[in-house]
Amino acid sequence: MKDLMKKSIFAFFSLLFLASCGGGSNNNSSETINGIEYSGDIYIAQQEGSISEHVSLGVESNSDQILNREGFTIGFNYENLVADWVAYSITKESVSKSYSRSNYYTPDTEVPYEYRLDGGAFGSFVRGHLAPAATVDFSESSMLESFKMTNIAPQTQELNSGKWATLEQWVRDCATEVNHLIVFTGPIYLPNNLYFLVDNEGRLIKVPDYYYKIIIKPESPAQAIAFILPNNSGSFTKIADYKTNIDDIESRTNIDFLSNVKDDIETKLEFAEHEICHMPLSGEDEDEDEDEGWSCSYSPYCYQLSSCSEAYYYLNTCGLNRLDGDNDGIPCETLCN
């Protein structure tokens, strides 16, 4: 969205680009059915020292505090006590590594005390990860950082262990196929949202109406796809029903994503709905897993399963909740970590 205010870092990047190009622009990008082909660099300017790789594509918002982690970067909101956005860059190599899940939610001591959640439960909501623990667990420290409360937001159990978990698993699978993805994720609030939770210290935590997820393949041909999922207890249909584009999410959140991407590529990506990796987005349903020989007439225990995908099938499709004993949306953690 070109009408959003650009902050000083974007202005600095723009000046660098204009200086190096004599004030002109010749990106030579072209859009095809497979994505946006371009030559040279996708960035307006290369990231400098303290700028995390996770936000190398650029993100501009009114977030109160930026928190750089090993596996992700957070734009945290003091008023809502929920991050406006979390960005993470993942590769085939990073998602192939894993450390045992801790399940120990901790306060984030980098946040001022008055905005620091204590790690307690969210009542009838679950503590949902924005940067998924199973995605950023390539090191022990990154996995532990994912349990800091600045990366946690209130989600319904139905969302957390249903389509949200399915989408997160697909992102990991897709990263192994294309090698590199950058993901943005966070909450969306309706204008009349007045729904808050109260923590043990009396702090008010705003409950999102929806959650978005933006997936970018930055290398040529660049591709993008985005989703908005409702944070409610209703039944969920095909993931295809929640597909949207980046421009729609920008208009709902007042966040400018891809602010460090060359203008013609940025505009094309903002309106794109590419199918980056195969996913049951149009016509097929997740029930195609029946072809693997899995059936809801069977009620296995974790030790009887052979893969994480099979575990997710029995949890999400068949509702076999005993596979997720700690109600964190991840079944059979010996298989799925």
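Which residues line the second largest cavity? The close-up views below take up this question and others for a predicted model, in which local features need pLDDT of at least 70 and side-chain atom pairs count only at pLDDT 80 or more, whereas totals for chains, interfaces and linings use all residues. Residues are numbered from 1 along each chain as its sequence is written, and side-chain values use heavy atoms, with hydrogens and water left out.

**View 1. The second largest cavity and its lining.** F76, D108, V111, Y115, R116, L117, M149 and T150 form the lining of this cavity, a cavity being a set of points on a 1 Å grid over the protein atoms alone where a 1.4 Å probe fits but cannot get out, and lining residues having an atom within 4 Å of a point. Its volume, the space filled by probe spheres set on the points, which are joined across faces, edges and corners, is about 40 Å³. Five of the lining residues are nonpolar, one is polar and two are charged; here Ala, Val, Leu, Ile, Met, Phe, Trp, Tyr, Cys and Pro count as nonpolar, Asp, Glu, Lys and Arg as charged, and the others, Gly among them, as polar.

**View 2. The largest cavity.** Of the two cavities of 30 Å³ or more found in the whole structure, the largest holds about 120 Å³ of space. Its lining comprises 15 residues, with H129, N160, E168, D328 and I330 nearest the centre, and divides into seven nonpolar, four polar and four charged residues. Helix 5 (residues 163-178) gives the largest share of this lining, four residues; helices (H or I, at least four residues) and strands (E, at least two) are DSSP runs numbered from the N terminus.

**View 3. Strands 7 and 8.** Strand 7 (residues 126-129) runs antiparallel to strand 8, to which four bridges join it, and H129 stands opposite I152 in strand 8. Strand 8 (residues 152-155) is covered on both faces, with I152 and P154 on one side and A153 and Q155 on the other all buried, that is, under 20% relative accessible area with a 1.4 Å probe and protein chains only.

View 4. Two bridges join strand 13 to strand 14, and A226 stands opposite T244 in strand 14.

Key
1 Å grid on protein atoms, 1.4 Å probe; cavity = no way out; pocket = protein on both sides within 12 Å on 5 of 7 lines; lining within 4 Å. Pairing = 2+ DSSP bridges. Buried < 20%, exposed > 50% of the residue type's maximum accessible area, 1.4 Å probe, protein only.
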